[in-house]
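I opened this model to look up its cross-links, its ring contacts and its strand pairing. My entries follow in the order in which I checked things.

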Amino acid sequence: MVLGRVVVGSVVAALLGGCAAGASQVPTVTAAGRPTAAPAATRTLDLAKAVDPCAVVPKSIPLGLGVYGPGQPHGGEAGSTRFCVWADRVEWPRISVGFSDNDPLAAAYQDSARPGADGTGLRWKLFEQISVDGQPALVRAQRTDGTVLCEVVVGAGNGGGVVVAAGASGANDTKGQCQTAVSVAEQVVTALR
C-alpha cells in the first residue's frame, strides 16, 4: 500500500517556493483544512477479545519487522488502555498495539491541530485519513515521511479503538514506519472481527 500524504497550508507554499541559497528554512504547517471530528464506525470491533492484549495480536506480526520473541502485555486495569509491546534491544525497533475504551480516534482528531513543541508548526506533520478493513482510521507522524515513529489509530465503534505504533531509529529506520503500522493495524482489525 502506498500512503499518500496530507500536506496543508503553507507547507505546500514553502516547498513550491523553494529556499534561498544557503538558507535553512523550516516550513510552517497550519491547521487549515484538518478535520477535528472523527468519522463514526459503521461496524463494531470486539475489543473484549483483547483482555490479554498480546493474545489477540497475530503471532506473525513481529516476524520480519526487526522485533522478535513474545510481546509484553501492559495495562489491563478496568477502563484503561491495554498494550502489547515488542521491542528489540532497549527501544528500537519497536511495535506496540493498544486497545482502548477511551475513544482514541476521537482524541486523535481533536489533537490534529496541536502545535509542535519546537514551534515549527503542527505536532503531527503527517495526518492522513484512511480506512482499515472498513474501519475509520488515520495515520499520523511527527515527520512528513513517517520515519522514526508512526501511529495508526483505528475506530472500533462504541467509543473503543486500536492504536498501533511502529518506530525505529538509525540504520533500522530504512523506509519509514507508516507502512509497518498500517500492515499491523490491518491484521489486528481482522483478528477482532
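**Entry 1: the disulfides.** I began with Cys150 and Cys178, which are joined by a disulfide with an S to S distance of 2.1 Å. I took a disulfide to be a pair of cysteine sulfur atoms within 2.5 Å. About the S-S bond I read 95 degrees, and this link of Cys150 and Cys178 is right-handed. It links distant parts of the chain: Cys150 is in strand S6 (residues 149–157) and Cys178 in helix H3 (residues 178–192), 28 residues apart. Helices (H or I, at least four residues) and strands (E, at least two) are DSSP runs numbered from the N terminus.

How many disulfides does the structure hold? There are two. Cys54 and Cys84 form a disulfide too, with their sulfur atoms 2.1 Å apart. The link of Cys54 and Cys84 is right-handed, with 105 degrees about the S-S bond. Cys54 lies in the loop between helix H1 (10–17) and strand S1 (72–74) and Cys84 in strand S2 (residues 82–87), so this pair ties together parts that are 30 residues apart in sequence. Both Cys54 and Cys84 are buried. With the bonded cysteines numbered in sequence order, I noted the pairing as 1-2, 3-4.

**Entry 2: what I am working from.** This is a predicted model, in which local features need pLDDT of at least 70 and side-chain atom pairs count only at pLDDT 80 or more, while totals for chains, interfaces and linings use all residues. Residues are numbered from 1 along each chain as its sequence is written, and side-chain values use heavy atoms, with hydrogens and water left out.

**Entry 3: the whole chain.** I counted three helices and seven strands in the protein. Read along the sequence, their pattern is α-β-β-β-α-β-β-β-β-α. Of the 193 residues in the protein, 44% are buried. I also looked up contacts (heavy atoms within 4.5 Å). Among contacts with a separation of 6 or more, 56% are between residues 24 or more positions apart. The accessible surface of the protein comes to about 9500 Å², and 55% of this belongs to carbon and sulfur atoms. Accessible areas come from the Shrake-Rupley method with a 1.4 Å probe; for residues, only the protein chains shown count as cover.

Entry 4: How many residues of strand S5 (residues 135–141) are buried? Seven of its seven are, and the strand is mostly covered. Both faces of S5 are covered, with Gln135, Ala137, Val139 and Ala141 buried on one side and Pro136, Leu138 and Arg140 on the other.

I next checked what pairs with S5, where two strands pair if DSSP finds at least two bridges between them. S4 and S5 pair in the antiparallel sense over seven bridges. Val132 stands opposite Gln135 in S5. S4 and S5 form a hairpin with two residues between them, and Asp133 in the turn has a positive phi of about 50 degrees. S5 also pairs with S6 in the antiparallel sense, over five bridges. Val139 has Val152 in S6 as its bridge partner.

Gln187 is partly exposed, with a relative accessible area of 28%.

**Entry 5: the rings.** I paired rings of Phe, Tyr and Trp (its six-membered ring) if their centres lie within 6.5 Å, calling planes under 30 degrees apart stacked, over 60 edge-to-face and the rest tilted. By this rule I found one aromatic pair. Tyr109 and Phe127 form it edge-to-face, at 5.6 Å centre to centre and 85 degrees between the planes. Tyr109 is in helix H2 (residues 104–110) and Phe127 in strand S4 (residues 126–132), 18 residues apart. Tyr109 is buried at a relative accessible area of 0%, and Phe127 counts as buried at 3%.

Last, I noted that Arg140 lies over the face of Trp124, at 4.0 Å from the ring centre. The test was NZ of Lys or CZ of Arg within 6 Å of the ring centre and within 35 degrees of the ring normal.

How values were computed. Buried < 20%, exposed > 50% of the residue type's maximum accessible area, 1.4 Å probe, protein only.
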